[in-house]
Structure formats: C-alpha cells, structure tokens
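Welcome! Please take a look at the structure shown here, and then let us walk through it together.

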Amino acid sequence: MKEINKLALIGGSRALSGSIIWPFIGFALYEVYHFSLDFVSLFYIIQGVISVLAYIIGGYMTDFLGRVKSMVISSLSASISLLLAFLLNLPLAIVFFILLQTFFNSIYNVSNTSMVGDLNKEFKGLVISFSRIRVGINAGWAVGPVIGGILFTISGFRELLLVSSIISLLPIPLLLSLPDFKGKIGISLNLSKEFILFLIPTFLTFMIMGQLGFSLLTYYNLIVGLSTFQVSLLFMVNGLLIVIFQEFIGRKLTIKMIILGMIIYASSYLFVAFVTNFILAVIDIVFITLAEMIVSPLSQAIASSLSRDEVRGREIGIYGMVTALGRVLGSSYASFLMNYYLYSSPLILWFLISLLGFSSALLYYPLVKSDKNE
C-alpha cells in the first residue's frame, strides 16, 4: 500500500475519533457544564496558547525523533488524556484533559504534514497528496459528528470521551508500518521572508475555517432552532462532499485559486445570517465545503513547498502553530462577538466573521500572482 494511502486511512480513523467530540466541546462547556460564554472564549484562547507550544515542541520532536515515533507517542498520549477525562468526569478536569489532548494532537499534525513533504517534491504532487489524505480524514469527519450527535442526545457528552479515546488507538499498527524520516539536529531556525509573508493570510484563513464547529452549532441551535442532531448532519454533508469530490478538485487546482476559495469562504459565512431553516443551512454548507476543498490542500502544499528538507519538521511546526492558533482564536473571536450580536444583530455577527476571509484573500494576492510554485 502506498504511504500516502496509509496516511489517508490513518487520517480517517483519527478524524473519526476527533470529530465525535470536537464539534460539541464548546457547546457542552456552555450547555452541559454551565460555563459562561466568556469562559468558552477563554477556553479557546488557552487552547490556542497550548497549540502554539505544542507545534513548536512538535517541530523539534519530529525532526529529532522522527515522524513515525512522534506520531505514535502523540496518539497514545491523546488517547490516555481522553480516557482520564471520562474517568474523572469533573468539569475542570474535562477541560484540562481536553486541552492536554489538543497538545498531543498538535504534535501529531506536525509529523503527519512533514511526512507528506518528505514523500513529495513537486507542488502538484503535494496538492494531490494532501487532497487524498483529506478524503480519508473527511470520511471519518462525515461519520464522527453523527455518532457524536446521537450519543450526545441519548447519553450526554461524557460517553463521547470514552468512544473517542478507544477509536484513536486503532491506527497505531498502521503507523508503525510507515517509513521514518528525520531532520537535521539543531536549535536555530531562520524562516524565509516568503514563508513569513505566507503565514499572515494563513492565520486569517484558519480563523474563518475554525467557524465550522462551535460557532455554527451554537448559532443554528439557539437562533435558527436546529437540533444538535440536525447540525451534526450538516457536518456529515461537509465530510461526504469532501470524500466524493476532494481528489477530483485537487487535480484541477492551481496556486492562484486560493484567492477564489477565500472569497467563497467569506461569502458563505456572511450568508449564514440569512439562514432560517435546515434546507438553507445545507445549501450554505455546500459552498463552505467547496471553499474548504480549494483552500485547505493548497495551503498545506504551499507550506510544504516553502519548507526545507533539513528543518521541515520545525518549519511545518511553525505553520501548524499558526493554523491551530487561527482556528481556536477564530472560535474565541466568534464567542466574543456572540456576547454582543448573537441575539441582537446576526448580520453584524457574520459580517465581522466574513471580513476575515475577504482580508485573507487580499493578502494572498501578492504571494500567488507568480506561478513559480506550480
């Protein structure tokens, strides 16, 4: 089996595990454990800080220990964290161990992305490889939220932690069959100017990508009146569309299309303010998913093409740090805005969120006007 196909299968199993709990974490903290929206916002900020540390540590760990060892260690540790959260079942303990799981998952992501860069040297090959891995990941994402939605409705949030912990152990034997790569031993790291300029719009990109979770679930549940299960079906639609169309779209992508993807992203989230029923929510999620299928593999491919072999783990660690920080601060940003506009002015709420996407599109333009990476 080709290594990229193995990574796709592993990604699917891990996505199944993670997506069982991820869309429901912020909502559970607010509705089940009765934390305030301010606390939920703080939770995502802390998660961002932890991700920053994890991606930096993970970058060095990936280069020094190797990609496979880092992935195995982080997978085992993440599973144990979720199991402890389930066993203790105390609100603050659950918060702590979910944050700890975030730390180990971030280390895994550095190793996984670095390995794709090790296996591919051409930009087009990187785009196709990341597209294929996303097919696997979203096969898991298509099923996970539905399972999570059912369990959440029937049993509550605690049981999700146990199921997620068990599933996250399944891909470890396949991980051990992968070839390992290491980077150059060293401490210093000098990022190129081009890489740094790429990270600025990337941060805004992942702030808006981070809305597919707490923000949509909370808005659709409290304002539009959709059930938790209906929202989980939207996440399933997102995953299924990516499974069906991602690799086909990936083969057609060029670097300049990342701007188009960001415009679609921004417009789709602005349209959320006009959603009044489940059908409109499905239509909007289709366009959000189209943007995701364009932007995500291109972003990863650009990052990998800009990274250097001898320090790939550390440079991808910096990229991963920015993307993770963008995601969690995107949720924190939305939670902050909801304090003011959730009930009073949904249009202002989603307009301010969509500005992230439009700004990112503008900032990408000077970076992609040349076709030298293709």
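## A buried pair

Aspartate 118 and arginine 312 are both buried. This is a predicted model, and in it the side chains of these two residues meet in a salt bridge, with N and O 3.0 Å apart. The partners come from distant parts of the chain: aspartate 118 belongs to helix 5 (residues 91-119) and arginine 312 to helix 14 (residues 312-341), 194 residues apart.

Is arginine 67 buried or exposed? Arginine 67 counts as buried because its relative accessible area is 0%, and buried means under 20%. Aspartate 63 is buried too, at 0% relative accessibility.

In general, side chains of opposite charge can pair when their charged atoms come close.

## A link between helices 6 and 11

Now turn to glutamate 247, which forms a salt bridge with arginine 132; their closest N and O atoms are 2.6 Å apart. Glutamate 247 sits in helix 11 (residues 228-250) and arginine 132 in helix 6 (residues 123-154), so this pair ties together parts that are 115 residues apart in sequence. Arginine 132 has a relative accessible area of 22%, so it is partly exposed.

A search of the whole structure finds 8 salt bridges.

## The chain as a whole

Stepping back, the protein chain has 15 helices and 0 strands. Its C-alpha trace spans about 50 × 45 × 35 Å along the principal axes. A compact globule of 374 residues would have a radius of gyration near 21 Å, and the protein chain, with 19 Å, agrees with that.

Buried residues account for 59% of the 374 residues. Among contacts between residues at least 6 apart in sequence, 87% join residues at least 24 apart.

## Surface and charge

Methods. Residues numbered from 1 in each chain as written. Predicted model: local features only at pLDDT ≥ 70, side-chain atom pairs only at ≥ 80, totals over all residues. Heavy atoms only, no water. Helix = DSSP H or I, 4+ residues; strand = E, 2+ residues; numbered from the N terminus. Rg over C-alpha atoms; globule rule 2.2 N^0.38 Å. Buried < 20%, exposed > 50% of the residue type's maximum accessible area, 1.4 Å probe, protein only. Contact = heavy atoms within 4.5 Å. Salt bridge = Lys/Arg side-chain N within 4 Å of Asp/Glu carboxyl O.
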